[in-house]
Amino acid sequence: MSKKDKTLKGILDIILYENPSTQDEIAEKLGITRRYVTQLLQPLVKEGTVKRAYMIDLKSYEKIAESLSDYVSFHETKGNVIVTDMISNMAKHVHSQLEVSFDAVLEHDMEKANKALEMDFATNNMVEKIRTSVETIVSMNKHSEIAKSMLYNEVAYDLERIGDYCGHIAKFVINDVYEIEENALKKLKNMYNLAQKMINLAVMAFIEGRTDLKDDLMELQEAIHIIQTKAINLIAEQMAENSFDEKERSNYFIYLFRVIKAFKRMGDISVEIMDVSIEFHNNIPRSTTPRTFR
């Protein structure tokens, strides 16, 4: 593969997997000039292979990639490797988004809270890339299992929902003037750690087929529900000690309840991803009965 082709492949890989916002960002990642990125991308933009918001038309991409020596056809790849990699990178991004959101709470840092909200735009864009990629791959491969391929979209959507709850945590810092009391903060730290572990286990189950991790995940879900109850009771006691005439203080408790709920919902969504993983890898359909009624 020529140096130019290798660089072009690097640019396309970054667009596919890393969701860059600008050509400057692509150039920085590859250690090349922005002008060179523009030069290589311009023909692809004109012919419609690379679209706005740096999305790639996979049908056109396949034709280009065939000329690269290390290319493997979509029809020859098992498990839609490209979309799997997209899911993996989206999960890493959401992990970072949650980390920045909670760091903002711990440090009462408005700048980090705003950064977490900005990261949610990238999360939403990743969902759209995965959705269009799945549709393209299904249309390119007539023998693909459409129902199974669509499960990628479900996992991406679940990760997007976790990103939305990260936004609830970040907004606590933006909307409130009070720092969290030490005992309540300790419980939030525990919920945060459990949520991160649950997300990691759920994504590992989907990416690596580790559906044997379900029991571990369910134990963590039980633990996060127990801490949620304790946190709610603690905050209820604190509310009873404060006057409801203080509007700002009342809003503080409302926003704090939202943070607690956000961590709990992240845990629940992780279990949903595990259910999708079991259907995807073990061909065991999910129950149509809502989990709360089982």
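Predicted model: local features only at pLDDT ≥ 70, side-chain atom pairs only at ≥ 80, totals over all residues.

Visitor: Is Gln 221 buried or exposed?

Guide: Gln 221 is buried, because its relative accessibility is 8%, and the cut-off for buried is under 20%.

Visitor: What does Gln 221 touch?

Guide: Setting aside neighbours within four places in sequence, Gln 221 is in contact with Met 198, Asp 268 and Val 271. With Asp 268 there is a polar contact between the side chains, at 3.0 Å.

Visitor: And where is Asp 268 found?

Guide: Asp 268 belongs to helix α10. Asp 268 is buried as well, since its relative accessible area is 9%.

Visitor: Which residues is Asp 268 in contact with?

Guide: Once neighbours within four places in sequence are left aside, Asp 268 is in contact with Gln 221 and His 225. The side chains of Asp 268 and His 225 are joined by a polar contact of 3.1 Å.

Visitor: Let us step back. How many helices and strands does the protein have?

Guide: There are 10 helices and 2 strands. Along the sequence, they follow the pattern α-α-α-β-β-α-α-α-α-α-α-α.

Visitor: What share of the residues count as buried?

Guide: Of 294 residues, 47% count as buried. As for contacts with a separation of 6 or more, 74% are between residues 24 or more positions apart.

Visitor: Which residues touch the most other members in the largest nonpolar core?

Guide: They are Leu 159, Phe 172, Ile 180, Phe 263 and Met 266, in a core of 71 residues. Helices α5, α6, α7, α8, α9 and α10 each supply at least two residues of this core. The largest share comes from α10, with 16 residues.

Visitor: Take Phe 263, then. What does it touch?

Guide: Not counting residues up to four places away in sequence, Phe 263 touches Leu 98, Phe 102, Ile 169, Leu 188, Met 191, Tyr 192, Ala 195 and Ile 224.

Visitor: Now for the helices α2 and α3. At what angle do they cross?

Guide: The axes of α2, residues 23–30, and α3, residues 34–47, cross at roughly 110 degrees and come within 8 Å. The two helices are therefore roughly perpendicular to each other.

Visitor: Which residues make that contact?

Guide: From α2 they are Gln 23, Asp 24, Ile 26 and Ala 27, and from α3 they are Arg 34, Val 37, Thr 38 and Leu 41. By type, the residues of this contact comprise 4 nonpolar, 2 polar and 2 charged.

Visitor: What about Arg 34: how does it count in terms of accessibility?

Guide: Arg 34, in helix α3, counts as partly exposed, because its relative accessibility is 44%, and that class lies between 20% and 50%.

Visitor: Which residues does Arg 34 touch?

Guide: With residues up to four places away in sequence not counted, Arg 34 touches Gln 23, Asp 24 and Ala 27. The C-alpha atoms of Arg 34 and Thr 22 are 9.4 Å apart, and the two residues are separated by 12 residues along the chain.

Key:
Residues numbered from 1 in each chain as written. Heavy atoms only, no water. Axes fitted to C-alpha atoms, helices over the stretch in contact; angles between N-to-C directions. Helix = DSSP H or I, 4+ residues; strand = E, 2+ residues; numbered from the N terminus. Parallel < 35°, antiparallel > 145°, perpendicular 65-115°, else oblique. Contact = heavy atoms within 4.5 Å. Nonpolar A, V, L, I, M, F, W, Y, C, P; charged D, E, K, R; others polar. Core = buried A, V, L, I, M, F, W, Y, C linked by side-chain atoms within 4.5 Å. Buried < 20%, exposed > 50% of the residue type's maximum accessible area, 1.4 Å probe, protein only. Polar contact = N/O pair within 3.5 Å; in protein donor to acceptor, adjacent residues only side chain to side chain.
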